[in-house]
Amino acid sequence: MTSTIEPALASVVASPSTLALLRELHTAALTEPAYVSTDEQPASVALERFVALEPDKCALVYLLLRASGARHVVEAGTSFGVSTIYLALAVGQNGGGKVIATENEPVKAARAREHWRRTGENVEKWIELREGDICETLKADLPEKVDALLLDIWAVLAMPTLALVKPRLRIGALVIVDNVIAGAAGYKDLLLYLDDPNNGFRSTTAPYPGGLCVAVYVGDVNA
Ligand SMILES: C[S@@+](CC[C@H](N)C(=O)[O-])C[C@H]1O[C@@H](n2cnc3c(N)ncnc32)[C@H](O)[C@@H]1O
């Protein structure tokens, strides 16, 4: 699995020190036991773990954000802040904006901040971390237009999070959801919602391990 790190990093524009940090974090993340929120393990086991998006998925998300010029991004589920670094790199390189990161575990939030500090100004300055339950922290003060939403949170929170962010999605906004194959049972409602054209999305699932759903908000079909 660690063999996926270098090809992923080769897809990303970043300083040597940021690439070194990503290499270190991905290596640690890939050597921990897997955790999927829909499996039998209690959520408490994830407290000490990265549960990070795999390097190739991070690279795809980064490239999609670069291609779409995303400048206002919401990340549902931040953990130790690995995927957030990719989001912030893309936002910064697209001209600047904001990545709203979300985490309800204070210890994880502190670790994320520590990692972002090590990336320096070019990454850290684009990130606003909202600590607490995402159902509260995303209730207010979202950007007028959101260009992308990364749903990498426990499956049960995916639909409520989409409901909070959807009113702000611009036409063409990306909604990316991790583990839709591995966690299919937990994502049933969300996938049915994204598949129903009346809800304004078109989507496909990239066959990475666990599955990565990429949806585009094309808007209300009746508009
Ligand atoms: C899969 S991890 C995120 C990994 C991260 N995107 C990365 O790639 O590095 C999901 C995170 O969501 C957090 N989480 C779970 N429930 C939450 C809630 N109600 N509000 C905010 N964050 C929550 C968990 O603590 C966990 O760290």
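Which side chain meets Arg170 in a salt bridge? The partner is Asp147, and the distance from N to O is 2.6 Å. Keep in mind as you explore that this is a predicted model. Below, we look at this pair, then at other salt bridges, and finally at one helix.

**The pair you were asked about**

- Asp147, at 9%, is buried, because buried means under 20% relative accessible area.

**Other salt bridges to find**

- In general, side chains of opposite charge can pair when their charged atoms come close.
- The structure has 9 salt bridges, and one of them joins the side chains of Arg23 and Glu6, at 2.6 Å from N to O.
- Since Arg23 sits in helix 2 and Glu6 in helix 1, this pair ties together parts that are 17 residues apart in sequence.
- Arg23 is partly exposed at 33% relative accessibility, and Glu6 is partly exposed too, at 41%.
- Asp178 and Lys57 also meet through their side chains in a salt bridge, with 2.6 Å between N and O.
- Asp178 is in strand 5 (residues 169–178) and Lys57 is in helix 3, so here the parts tied together are 121 residues apart in sequence.
- Are these two residues buried or exposed? Asp178 is buried, with a relative accessible area of 4%, and Lys57 is buried at 0% relative accessibility.
- Glu54 joins in as well: salt bridges that share partners link Glu54, Lys57 and Asp178 into one network.

**A closer look at helix 2**

- Helix 2 covers residues 16–30, which is 15 residues.
- From its first C-alpha to its last, helix 2 reaches 21 Å, close to the 21 Å expected at 1.5 Å a residue.
- The buried residues of helix 2 are Thr18, Leu19, Leu21, Leu22, Leu25, His26, Ala29 and Leu30.

Conventions:
Residues are numbered from 1 along each chain as its sequence is written. This is a predicted model: local features need pLDDT of at least 70, side-chain atom pairs count only at pLDDT 80 or more; totals for chains, interfaces and linings use all residues. Side-chain values use heavy atoms; hydrogens and water are left out. Helices (H or I, at least four residues) and strands (E, at least two) are DSSP runs, numbered from the N terminus. The expected span of a helix is 1.5 Å times one less than its number of residues. Buried means under 20% relative accessible area, exposed over 50%, partly exposed in between (1.4 Å probe, protein chains only). A salt bridge is a side-chain nitrogen of Lys or Arg within 4 Å of a carboxyl oxygen of Asp or Glu.
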